Amino acid sequence: MLNKSILALSVFLLTLSIKVLGQNPTSNELTLEKAVRIYNEVPSSVSDFQKSKNFKDSERVKIEARIQEAASLLDQIVSPDNEEMANVIRYFRANLQYENGYLYGILGNHDKMYTYLQQSLSFFEQAESGFFPLRYKFDGKSYTIKYENFEYTRGEFYSSISEAATKLKKYEKVPEYSRKGLAIIKDGYVRVVVTDFLLVAKSNLKQYDSEMAENAINYMEGYLKLESKNRSYLDSFDYSYKRGWNFLIQAYDKNPSLGYASTNYAKAATILVKANDRELAAKAYEQALNAGNNDKSFLFEVARAGDFASAGLKSRACNALSGLSLTCYEMSSLSGIYAELGNREKSQEFEKKVSKCTSKEAHEAKVGTGAGFHFYLGTYPFRFIGHKDYIDYGGVAAFSAGKVMVLGSYMIVNKNLYAWTDMSMKSVNDNSSEQYYWSGEQMDVSIRISPDRFRKGDVASYFGPQFGMSNRKLSPIHSDVTNNLTGVTIPGMAFEPTDTQYQVALNFGSFVGGKGVGLDFNISVGASYGQFSINNPDYNLDDFSYSNGYLDNREEWHWGMVLRAGVTVGLFL
């Protein structure tokens, strides 16, 4: 049985409201007060009885009489004043039954213990956080019972009913009670005890499953976290980490197909090393290796286990490590361990591998990866697709150092669609259904910054500023032209305007560095400031009016938008 003094404190941790009630109590309130007054004596009486170790039946009769007296008073309140009073009565009535059951548990009478706990079970199952707070009057003041004050008692109730069911070999009931208790019990000592009830039940029910294996590990770990006095007390009942180990062994012996054996035995080994149990730790390491644990951290743990693993187990771990992908540091560590084990051949083999590995890393850091310089020469493959009159020709050249790349781009453009962005913003129409195109050149320089390095065998996402210039000559635009001074109109004139744009944009994308080949995808979003010209010395935008809405409303200097996507592929050196 658990220490009742802790339980007594938790049951009566109530929050006092300072408000003093002015109205006269009702008959039901007076009866409830009498019952609560008796109830307040019970936990300490049961605790004293448990501590006495000299269990006189006369004392048991005396305590039980007081419990029955309080219960009888509560039963007299047939019609509570309100729903909250009805819940308060249920609360105290259930706790009295729990106290009575606990009293018989102290005496080892598990039949009566289980009977009383069964009577209060429905309340403890329903009394979750939403059931609280509960308020009642006592000695002219208002008291509040909060769930956090009750939760410890609720956890110990599930511990007690799990114990009673286990002692009575009602194993089919125990898992449900234990799980509910473990879900809310925070006290480490109580958790170990309840976990034991669960494991005993699962063993007797022949439920050798993952829950049993997991709780066996929890049992071992929980035991070692306890204070020494609590461990000593559990040891007196043969409750120790060894008991958890035995349950773990049983689960896998009885159910060889049970999963996660390598992981669970590795966890057990780590716990047993903390327990300073050389014999069981070595067995756990062996079981984990037999189960095929190939985790590098675990294998190094075995290899460096000192007195907790035999030379044979350490050699097995080292041989398993030798077949894995290791860093230079790990190879060096393995070489040292082989030397300690007296295996000079293997030690020297890995010394050579370390030498090659470090040389390779140094080389890659200099020219292949890391902060080395790289050059990229590429072109726009998708620009070559299409009719020959619309193909664009261009390329890029870039160099990178670490996390920075500077890229220059040049392209000869043929008949790309021309966007009248400033006209669209002004809702200006050109009074025709014509499409306008431009040909010319586009030049850009971008500075790309990445959180990762630009290197071979890796992908670097980047962003940064892009500066560009575009010289554009538009396809012919037909328009009537009127001289603003003379009013003379010349119909059907054809113009081929030019537009020189200066661009600033945010460039972002991803660069894939392969062995000798690079692939780049990027998007540019920004603005342009351009100088527009009619490209005819006899006409200008200020002194003439045009029937074409674009020409008539376009200013010489104008703003525009930059929105482009590009894909390049080329050599990455």
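**Helix α13 and the overall architecture of the chain**

The buried residues of α13 are Ala 261, Ser 262, Asn 264, Tyr 265, Ala 266, Ala 268, Ala 269, Ile 271 and Leu 272. Buried here means under 20% relative accessible area, exposed over 50%, and partly exposed in between, with a 1.4 Å probe and protein chains only. The model is predicted: local features need pLDDT of at least 70 and side-chain atom pairs count only at pLDDT 80 or more, while totals for chains, interfaces and linings use all residues. Residues are numbered from 1 along each chain as its sequence is written, and side-chain values use heavy atoms, with hydrogens and water left out.

Helix α13 covers residues 261–274. Its 14 residues should span 20 Å at 1.5 Å a residue, and the end C-alpha atoms are 20 Å apart, which agrees. The expected span is 1.5 Å times one less than the number of residues. Cover for the buried residues of α13 includes α10 (210–225), α12 (241–254), α14 (278–290) and α15 (296–303). An α-helix has 3.6 residues a turn, so residues three or four places apart point the same way. Just after α13, Asn 276 takes a positive phi of about 60 degrees.

The secondary structure of the protein chain comprises 20 helices and 14 strands. Helices (H or I, at least four residues) and strands (E, at least two) are DSSP runs, numbered from the N terminus. The radius of gyration is 42 Å, well over the 25 Å that the globule rule gives for 573 residues, so the chain is more spread out than a compact globule. The radius is taken over C-alpha atoms, and the rule is 2.2 Å times the number of residues to the power 0.38. Along its principal axes, the C-alpha trace spans about 125 × 85 × 40 Å. Ser 27 and Val 567 are 540 residues apart in sequence and 87 Å apart in space, C-alpha to C-alpha.

Buried residues make up 45% of the 573 residues. Of the contacts (heavy atoms within 4.5 Å) with a separation of 6 or more, 68% join residues 24 or more positions apart. The mean positions of the 63 positive and 65 negative charges are 9 Å apart. Lys and Arg count as positive and Asp and Glu as negative; His and the chain ends are not counted. Each charge is placed at NZ of Lys, CZ of Arg, CG of Asp or CD of Glu.

Several backbone features were identified. A cis peptide bond joins Phe 132 and Pro 133, with omega about 5 degrees. Pro 133 lies in the loop between α6 (110–126) and β2 (134–138). Lys 169 has a positive phi, near 60 degrees. Lys 169 is in the loop between α7 (147–167) and α8 (174–184), and is exposed at 60% relative accessible area. Phi of Lys 415 is also positive, near 55 degrees. Lys 415 belongs to strand β6 (residues 404–417) and is partly exposed, at 38%.

Ser 203 sits in helix α9 (residues 188–204). Its relative accessibility is 14%, so Ser 203 counts as buried. Leaving aside neighbours within four places in sequence, Ser 203 is in contact with Tyr 208, Met 212, Phe 247 and Gln 250. Ser 27 lies in helix α2 (residues 27–39). At 56% relative accessibility, Ser 27 counts as exposed.
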